[in-house]
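Opening the notebook on a new model today. I'll jot things down in the order I looked them up.

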Amino acid sequence: MSSQLGEFELIARYFKMESDAMLAQGKSDAGSRVLLGIGDDCAILKEAVGEELAITSDMLVEGRHFFKNVDPRSLGYKALAVNLSDLAAMGAKPLGFTLALALPHADGHWLEAFSQGLFEIANKYTCPLIGGDTTAGPLTISITAFGSIPKEKAIRRSGAKVHDDIWVSGTLGDARLTLAALRHELTISAPDLQSIQMRMHQPEPRITLGQSLQGVASAALDISDGLLGDLMHILEQSHVDAEILLGKLPKSGLLLQQSETIQNQFAACGGDDYELCFTAKQEQRDRLNQISQELSLPLARIGTIKAMRNSKPSIDLIDSTGQLLDKDATASLLRSFDHFA
């Protein structure tokens, strides 16, 4: 029966009813700002005085971004989470999202689990589904998320200044550690793997932190392709260099059980962390420690913004003994994930 579902029946059964229920609740800005959701040629969002619209899109492709037999509920959750993480990096409040879904075939059991994960996080962050499309094809999930930001309060990548501190939220490297275990690159006990694998499968976007950083952070982004590779985007946009203390990178107890080489590789360039990396003036340290306490979220100061020495930005890496890493060791840690490699 599930294989005979038509496009519009599929949308109605697995997506529209839940979306309509969310909008009917009228929670927060999402309910009042969405004037028209699923069912017409376009969704309509209401403008708000004194606010700007933030828009982000991410695509997940089977075999490239997730394993073929991944749990569909976790996949639904992560598909929206990575977009919400982009909104968080700019300090935006979620308003809604669209979903474009290509499916090899319409499997009712798969779709039910996928939509459950999708709406679990959508409800958690009050971000209703407001439109999209479905088609037949290789399994591909494309989401566009919309958020609101007070006028001129967006946290951009281009605001980092010389002498700013560099910070990250949470811990780094557990998603890469999970991947290594699943690929049998190293051995982790089943209980230990269970304790960290949600960092890879169901990351938590730092929405509240992002909004708290308005007027505090000078630049920010979310860590998707690896800390150092992503940090380089801030440096390029801000025309600065950076110094990073590898010993200050925040790591879980499980990652700390690995060799120092693996710790540095996974925390510095592992990817899929979806924590926030941001810069701030040194005078903001007390405020950031206060934010950390208020949100019960660790914030680690890991380095400093430096003046750019050459025509392209660079990152100096300092090891646990206080020594500058050589060029080869530095280069190995600056390789972020490349979607076309």
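**Entry 1: Phe 15.** I started with Phe 15, which is buried at a relative accessible area of 3%. My cut-offs for this: buried is under 20% relative accessible area, exposed is over 50%, and partly exposed is in between, with a 1.4 Å probe and protein chains only. Phe 15 sits in helix 1 (residues 7-25). I also checked a C-alpha separation: Phe 15 and Ile 38 are 23 residues apart along the chain, and their C-alpha atoms are 8.9 Å apart.

**Ground rules.** This is a predicted model, so I take local features only at pLDDT of at least 70 and side-chain atom pairs only at pLDDT 80 or more, while totals for chains, interfaces and linings use all residues. Residues are numbered from 1 along each chain as its sequence is written, and side-chain values use heavy atoms, with hydrogens and water left out.

**Entry 2: the whole chain.** I count twelve helices and twelve strands in the protein chain. These are DSSP runs numbered from the N terminus: helices are H or I with at least four residues, strands are E with at least two. The radius of gyration is 21 Å, close to the 20 Å that the globule rule gives for 341 residues, so the chain is as compact as a globular protein of that length. (That radius is taken over C-alpha atoms, and the rule is 2.2 Å times the number of residues to the power 0.38.) Along its principal axes the C-alpha trace spans about 65 × 50 × 40 Å. Buried residues account for 50% of the 341. I then looked at contacts, meaning heavy atoms within 4.5 Å. Among those between residues at least 6 apart in sequence, 83% join residues at least 24 apart.

**Entry 3: the cores.** Which residues touch the most other members of the largest nonpolar core? Phe 15 turns up again, along with Phe 97, Leu 99 and Ile 141, in a core of 53 residues. Helix 3 (residues 72-89) gives this core its largest share, nine residues. There is a second, separate core of 39 residues, and Ile 188, Leu 231, Ala 268 and Ile 315 are among its members. The rule for a core: buried Ala, Val, Leu, Ile, Met, Phe, Trp, Tyr and Cys residues joined through side-chain atoms within 4.5 Å.

**Entry 4: strands.** Strand 4 (residues 93-103) runs parallel to strand 5 (residues 129-136), and seven bridges pair them. I call two strands paired if DSSP finds at least two bridges between them. Leu 99, already noted in the core, has Gly 132 of strand 5 as its bridge partner. With helix 4 (residues 108-124), the two strands make a right-handed β-α-β unit. Right-handed here means that, with the strands pointing away from the viewer, the path from the first strand over the helix to the second runs clockwise.

**Entry 5: salt bridges.** I get 14 of them, counting a side-chain nitrogen of Lys or Arg within 4 Å of a carboxyl oxygen of Asp or Glu. Glu 62 and Lys 68 make one at 3.9 Å, N to O. Glu 62 is partly exposed at 27%, and Lys 68 is exposed at 61%.

Lys 124 and Glu 204 meet at 3.0 Å, N to O. Lys 124 is in helix 4 and Glu 204 in the loop between helix 7 (198-201) and helix 8 (207-212), so this pair ties together parts that are 80 residues apart in sequence.

**Entry 6: Glu 275.** Is Glu 275 buried or exposed? Buried, at 2%. Its salt bridge to Arg 199 is 3.2 Å, N to O. Glu 275 lies in the loop between helix 10 (260-269) and strand 10 (276-280) and Arg 199 in helix 7, so the pair ties together parts 76 residues apart in sequence. I also found a salt-bridge network linking Asp 174, Arg 199, Arg 206 and Glu 275. Beyond four places in sequence, Glu 275 touches residues including Ser 169, Thr 171, Leu 221 and Asp 222.
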